[in-house]
Amino acid sequence: MVAGGSEGIGLAFARRLAMAGHDLVLSAEKAQPLESVARELAREFAVTVETVVGDLSDERSLEALCAIADEREVGVLVCNAAVVPFGEFLKVGRDEKMKALAVNCRAPLWLIDAMAPRMVARKKGAIVLMSSLAGRQGSALFSTYAATKAFDLVLAESLWDELRDHGVDVLGVCAGATRTPGWLRAGGAPMRFAPPVMEPDDVAREALSALGRRPSIIAGVWNKLAYAAMERLLPRRVAIETLGNSTRSVFRTRA
Ligand SMILES: NC(=O)c1ccc[n+]([C@@H]2O[C@H](COP(=O)([O-])OP(=O)(O)OC[C@H]3O[C@@H](n4cnc5c(N)ncnc54)[C@H](OP(=O)(O)O)[C@@H]3O)[C@@H](O)[C@H]2O)c1
């Protein structure tokens with residue numbers, strides 16, 4: 001089951017899981033792209049693909065996914081969908097902030113709370129929570145998003161420890177800039193002196209192979225190196241300022 005599986009990293013997870021022979025349940029807000037990838041994956045990999053169209057900030061969409069999970073054996077749950085408010089905290093609307101909180105934090109919590117007990121009962125299952133490098137420290141202009149991604153990372157790492165003795169693998173994935181439709185729509189562009197932009201399939205492949213091996217990963221060797229250097233060498237205050245200044249320069253270019 002991939003919550004947010006119609007494009008980008010979510011679609012890359014779906015494709016990799018279908019390639020491994022898993023039937024799929026995919027959700028997204030927009031029906032047409034979702035139905036189109038569902039047909040494509042079903043045809044290409046000869047698997048069954050069910051879809052749930054709806055906004056994950058809405059309880060009805062979460063309940064629709066949980067209802068399917070009650071009838072099927074969800075082997076792998078990928079919590080991928082995210083809302084990314086961008087801009088000065090004081091200028092981003094409250095509705096957008098609350099939607100980010102609902103989609104990025106409440107939805108994964110809801111789905112995991114509903115599905116983990118059955119995984120534990122079967123002593124088998126896996127949960128992937130998409131986080132972000134933005135969630136590893138304060139990230140100006142991404143404040144709400146970064147904070148929700150810190151929640152996802154800490155939730156994943158905590159559950160990794162709690163559920164591993166019950167046969168359930170949990171992984172938090174900190175992606176850096178990744179060439180997805182969402183990233184491109186947000187005006188994503190390679191930044192000078194930043195690690196190279198990754199492809200969605202590289203993130204999904206690395207995540208799936210790390211499942212069961214560690215609580216969380218930073219995707220991509222350059223992201224790992226850059227963050228190891230930043231987290232170990234720079235005082236936290238300097239790291240936050242450096243990232244904030246780099247985001248501000250992109251924002252100024254965009255404005
Ligand atoms: N791309 C990056 O550079 C990057 C970097 C760090 C972390 N990440 C993380 O990686 C994950 C995927 O990112 P991405 O760039 O692949 O995203 P994306 O291209 O924007 O795709 C997100 C997926 O989630 C669905 N979705 C979004 N909002 C939804 C909502 N309210 N209800 C239901 N479905 C919703 C989208 O479908 P609809 O549009 O039809 O709803 C789509 O299937 C996110 O958790 C993000 O925080 C991405």
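## Overall fold

Helices (H or I, at least four residues) and strands (E, at least two) are DSSP runs here, numbered from the N terminus. By that reading, the protein comes to 9 helices and 7 strands. Its radius of gyration, taken over C-alpha atoms, is 18 Å, close to the 18 Å that the globule rule gives for 255 residues, so the protein is as compact as a globular protein of that length. The globule rule is 2.2 Å times the number of residues to the power 0.38. Along its principal axes, the C-alpha trace spans about 50 × 40 × 35 Å.

Before going further, please keep in mind that this is a predicted model: local features need pLDDT of at least 70, side-chain atom pairs count only at pLDDT 80 or more, and totals for chains, interfaces and linings use all residues. Residues are numbered from 1 along each chain as its sequence is written.

## Burial and contacts

A residue counts as buried if 20 or more other C-beta atoms lie within 10 Å of its own, exposed if 12 or fewer, and partly exposed in between, with C-beta atoms placed from the backbone. Of the 255 residues of the protein, 40% are buried.

Two residues are in contact if their C-beta atoms, placed from the backbone, lie within 7 Å. Among contacts with a separation of 6 or more, 66% link residues 24 or more positions apart.

## The sheet

The 7 strands form an open sheet in the order β3-β2-β1-β4-β5-β6-β7, with parallel pairing. At the edges stand β3 and β7, each with a single partner strand, so one side of each is left without a neighbour in the sheet. Two strands are said to pair if DSSP finds at least two bridges between them.

Strand β1 (residues 2–3) pairs with β2 in the parallel sense over 2 bridges, and A3 stands opposite S27 in β2. Further along the order, 4 bridges join β4 to β5, which run parallel; here V76 stands opposite A126 in β5.

## The β5 and β6 strands

β5 is largely enclosed by the rest of the structure, because 7 of its 8 residues are buried. Strand β6 (residues 168–175) is mostly covered, with 8 of its 8 residues buried. Both faces of β6 take part in this: V168, V170, G172 and C174 are buried on one side, and D169, L171, V173 and A175 on the other.

These two strands run parallel and are joined by 8 bridges. Opposite I127 stands V170 in β6, while the bridge partner of G125 in β6 is V168.

## The ligand shell

Of the 29 residues around the ligand, G4, G8, E29, K30 and G182 come nearest. Four elements each supply at least two residues of the shell: α1 (8–19), β2 (24–28), β5 (125–132) and α6 (181–185).

By class, the shell has 13 nonpolar, 12 polar and 4 charged residues. In this scheme Ala, Val, Leu, Ile, Met, Phe, Trp, Tyr, Cys and Pro count as nonpolar, Asp, Glu, Lys and Arg as charged, and the others, Gly among them, as polar.

## Loop residues to look at

Most residues other than glycine have a negative phi, and most peptide bonds are trans. A46, in the loop between α2 (31–45) and β3 (49–53), has a positive phi near 55 degrees. With 9 C-beta neighbours inside 10 Å, A46 counts as exposed. L141, in the loop between β5 and α5 (143–163), also has a positive phi, near 75 degrees. L141 counts as buried, with 20 C-beta neighbours inside 10 Å.

P85 lies in the loop between β4 (76–79) and α4 (94–122) and counts as buried, with 22 C-beta neighbours inside 10 Å. Not counting residues up to four places away in sequence, P85 touches V92, E96, K97, A100, T144 and Y145. P85 and P195 are 110 residues apart in sequence and 23 Å apart in space, C-alpha to C-alpha.

Technical notes:
Near = placed C-beta within 6 Å.
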